[in-house]
Amino acid sequence: MGCNSSVNVAEKQQKKKKVSVSEICVFVPSLWIPTKTDVRGELKGLIPTDLVDRLACLRNNIVLMAEDSGGFTIPDMKKALEEYLPLLIGLFKTEYGLVESVQFKWRNLDDGHQVTCVANSLFELLSVIYLMAVLTLCEANSFMIPKDCYGSGVRIVSPDCRKDAILLLIQASGYLEFCIKEILPRIPPEIKKILPKDLQEGVLEAISIQALGQGTEIQLGLAVEIKNVTLSVKRRLACEQLTYYCQAYRCLAKCENNYSYGKKHLLFIKWKFLEAKAAAYYYHGLFLERGNLKSSHIRAMCCFLAAQELLLQSKKVSLSFCLAPPTTREPPICGAMEHLHKRIPEVALRKSQLCDYFLKQNKADRSLPALPIFYLSLRPDEFELPRIDEAWDIGSWEKQRDIV
């Protein structure tokens, strides 16, 4: 895809020595990594030794990569996780009776003291797929931050990088949807109570939906740059984007948000929701402006003024988001919003001046018109678990015993 993203663990672990303020274009939730677990000791005698060794070796490799002070590349980590999955599947298959045989340990990379230990292989599967989703979001974020103009205030992201980011956002959404629909329903209620708050169903659902919202936001940015894209298409994308963020906000608002990333996450969605609503009203105003009736122009003016007010609110929420811990750098305005931050104030002023005389002479309806609702275009990529590794074939275990 072009970029070789990496996660610098040393930088995160040495925050007290050196403050590093990251930049967020794509929201990346808190990162959880696996820690040392005695897989060999807890599975010894329950399954063949060579299978135990392979499981322990693959998991230890992931742990070593995650704890490497030099950091790790995202493609390498994702490959290691994908190699681990076919073997991990056997641990939660009911026919083997090993679901609660290993106490798996994971820790929060941003808060090293926060460790979760759960004796359930479905927790391990949930954590692995969640990590794959977060790494994919990290990769999408890296595509939206060009290395040649970092911190310069100038944002030039190639169309190819933006298209790759959209594909990654859809993929991440698919991972999270799998967690919500296929893993969480199988986890016992008593285990769900001790899961990290980052893994609450509402939080995972919010991240999954907002990833699609950000994909639509990038699509709108591409559409704005292409001259032959119609106003109807731009309005549809803006309204779809708004719907995604509205759904994500509702999901997250129901959850406990008094944890490390909770408040920041909520502010991010609120910021994006306000931007999306401003875009939707702006393009809806342009659409109404095409009408011949004076009432159409009044309604268009109401849309433009609402868009202007929403933009002002979004700037305030954006600042609150950046200042909320962990502190992040405010990204330069880019994509569709770069265009809209210039156009909305200009159009709102022009339209209000044109309609001012008519408003004084007539009692026109100044109520804000309803926005249209569209079918949502982006859907999560369908993720399926790989086939279980052949080493879990019980028939081969019997043959090995006969040979011995």
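Two strands pair if DSSP finds at least two bridges between them; strands (E, at least two residues) and helices (H or I, at least four) are DSSP runs, numbered from the N terminus. The model is predicted, with local features requiring pLDDT of at least 70 and side-chain atom pairs pLDDT 80 or more, while totals for chains, interfaces and linings use all residues. Residues are numbered from 1 along each chain as its sequence is written, and side-chain values use heavy atoms, without hydrogens and water.

Strand β5 (residues 104-108) has two partners described here. Strand β3 (residues 32-34) runs antiparallel to β5 and is joined to it by 3 bridges; Ile33 stands opposite Arg107 of β5. With strand β6 (residues 115-118), β5 forms 4 bridges, also antiparallel, and Trp106 has Thr116 in β6 as its bridge partner.

Thr136 lies in helix α5 (residues 121-143). Thr136 counts as buried because its relative accessibility is 0%. Beyond its neighbours within four places in sequence, Thr136 is in contact (heavy atoms within 4.5 Å) with Lys78, Leu168, Gln171, Ala172 and Tyr175.

Helices α10 (residues 262-288) and α11 (residues 294-323) pack at about 160°, their axes 8 Å apart. The angle therefore makes α10 roughly antiparallel to α11, a term for angles over 145 degrees. Axes here are lines fitted to C-alpha atoms over the stretch in contact, with angles from 0 to 180 degrees between N-to-C directions. The residues of this contact comprise 19 nonpolar, 7 polar and 5 charged.

Key
Parallel < 35°, antiparallel > 145°, perpendicular 65-115°, else oblique. Nonpolar A, V, L, I, M, F, W, Y, C, P; charged D, E, K, R; others polar. Buried < 20%, exposed > 50% of the residue type's maximum accessible area, 1.4 Å probe, protein only.
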